[in-house]
Amino acid sequence: MVKIMLDPGHGGGPAHNRGFKQVDNLPYCNEGDCNYIYARDFLKPALERYSFKVDMTRSDIWQNPSLKTRGFMARNYDLLLSVHSNAAGGNVRGVEVWDSTNPKESCKTLGDKICAYVSSALGTPNRGTKYRRNNAGSNYYGILRLGYAKKNMIVEHVFHDNLQDATVYRKNLDKTSSAVAKAIAEFYGLAERTGDVKTPTLELTEEKFIQSIVDSLRGQKLNILPSVTIAQAILESNWGKSSLSKEACNLFGIKASKDWSGQVYRKQTKEQKPTGEVYTITTDFRKYGSYLESIKDHDKFFVSTPWRVQNYKKVLEAKNYKTQALALRECGYATDLNYGTKLIQLIERLGLQQYDKGVGKIVTRDNTVPSDWAKEDWEWGKEKGITDGSNPGATCTREQVIAMIRRYDKQREVEK
């Protein structure tokens, strides 16, 4: 059996955005996060349909192993494929592969095949297989230099700082993964499995998962802010994909304490000591009949006993998501030392704070055209030179606001 180690490049969160252009309001317009989602939900199952044995160097979206660790994990594997997207100032498009300069590992045939298939699937330029050495004559890129697989290569699927490339990639992760998997399968002489093999879902379900939680929150009077509740559900259940959420509808990882009289679900879980040491235990978790039951019990949990009311006082008194998220960790709700920070990063990256002002429906729109109510004003702003006319629906930074105000002020001086 051919073994492939997928390496989703970089780590999670805004520190690994690396210039990734926001596409509509879709989550994971961020290189580190998108690499992980693409590898886990798309490329891995696409390769497995060809009977490849596939593993990943990251088992969690927040992980960011060192290059040495990533490379060593590929020992005894046939191929280490480091999954990336590229950046070059926003003016470059296309797919390219960086192959190992080591003659024993190099495989231009495979690199060229991947480039050709991705280029065809996305309609982007084929930049081909490339090589780069450091001053010592070895591989310039660390993951290639440190890779232990028989073949080691990097796939830069698109240039994510180019909006056109970012859009076609982010909206076609299924096509991209199918193209890469087909190229690799043809190289190794494998055919796609058919018949009774269950085909994994090739569609991002994050938006639908968020909406399902939002729908459950509607009309509920909660102690925990909606943004924090949604972020906890995402983080604790891995977007509803964990065995605990699937088998027990337990979105928040709440254990079955002595005061719990309902059904239980027993499973292994990881804990973390104050020193940072991670260990595994087997314990009982609460089992629910629906997501709504889980959400209501999660919220009730914080006020279910006098001790909990006192222990979680800072959580219950928090007025904003940052204070509440950090208070959860401080009050001992989770053993993960970075739990509060992870919640905040999720909330801010996905814009979940919008639900703290009222639970509504997720709205996505085309940011390249103005809303109907603003079309006349937008055209006026373009005519006056106050805006350059690009991305009317995109988020505006404070520096952009100041620039537009100053342009307007200058325009008024001219008119006088």
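Lys44 forms a salt bridge with Glu48, with 2.6 Å between the closest N and O atoms. Salt bridge here means a side-chain nitrogen of Lys or Arg within 4 Å of a carboxyl oxygen of Asp or Glu. Both residues lie in helix 1, four residues apart, about one turn of the helix. Helices (H or I, at least four residues) and strands (E, at least two) are DSSP runs, numbered from the N terminus.

A word on the source. This is a predicted model: local features need pLDDT of at least 70, side-chain atom pairs count only at pLDDT 80 or more, and totals for chains, interfaces and linings use all residues. Residues are numbered from 1 along each chain as its sequence is written, and side-chain values use heavy atoms, with hydrogens and water left out.

Back to the bridge. Lys44 is partly exposed at 21% relative accessible area. Glu48 is partly exposed too, at 26%. The cut-offs: buried is under 20% relative accessible area, exposed is over 50%, partly exposed is in between (1.4 Å probe, protein chains only).

Asp112 pairs with Lys108, the closest N and O atoms being 2.6 Å apart. Asp112 is partly exposed at 28%, and Lys108 is partly exposed at 43%.

Now Asp41 and Arg40. Their side chains meet in a salt bridge, 2.7 Å from N to O. Are these two buried or exposed? Both Asp41 and Arg40 are buried. Together with Lys241 they are linked in a network of salt bridges. The whole structure holds 20 salt bridges.

Next, rings. There are 17 aromatic pairs in the structure. Phe187 and Tyr188 make an edge-to-face pair, 5.0 Å centre to centre, with 90° between the planes. For the terms: rings of Phe, Tyr and Trp (its six-membered ring) pair if their centres lie within 6.5 Å; planes under 30 degrees apart are stacked, over 60 edge-to-face, the rest tilted. Phe187 is partly exposed at 28%; Tyr188 is partly exposed at 22%.

Tyr312 and Tyr333 are also edge-to-face, at 6.5 Å and 70°. This pair links distant parts of the chain, 21 residues apart. Tyr312 sits in the loop between helix 11 (306-311) and helix 12 (313-317), and Tyr333 in the loop between helix 13 (321-330) and helix 14 (339-350). Tyr312 is buried at 4%. Tyr333 is buried at 15%.

On to helix 5, residues 163-170. Which of its residues are buried? They are Asp165, Ala166, Val168, Tyr169 and Arg170. These pack against several elements, including helix 1 (31-48), strand 6 (151-159) and helix 7 (206-217). Asn162 caps the N-terminal end: a side-chain oxygen lies 3.0 Å from the backbone nitrogen of Gln164.

Last stop: Ser237, in helix 8 (residues 226-237). Ser237 is buried, at 0% relative accessibility. Its side chain reaches the backbone oxygen of Ala233 at 2.5 Å. That is a polar contact: a pair of N or O atoms within 3.5 Å; within protein, one must be able to donate a hydrogen and the other to accept it, and residues adjacent in sequence count only if both atoms are side-chain atoms. Leaving aside neighbours within four places in sequence, Ser237 is in contact (heavy atoms within 4.5 Å) with Phe209, Gln232, Ser242, Ser245 and Leu251.
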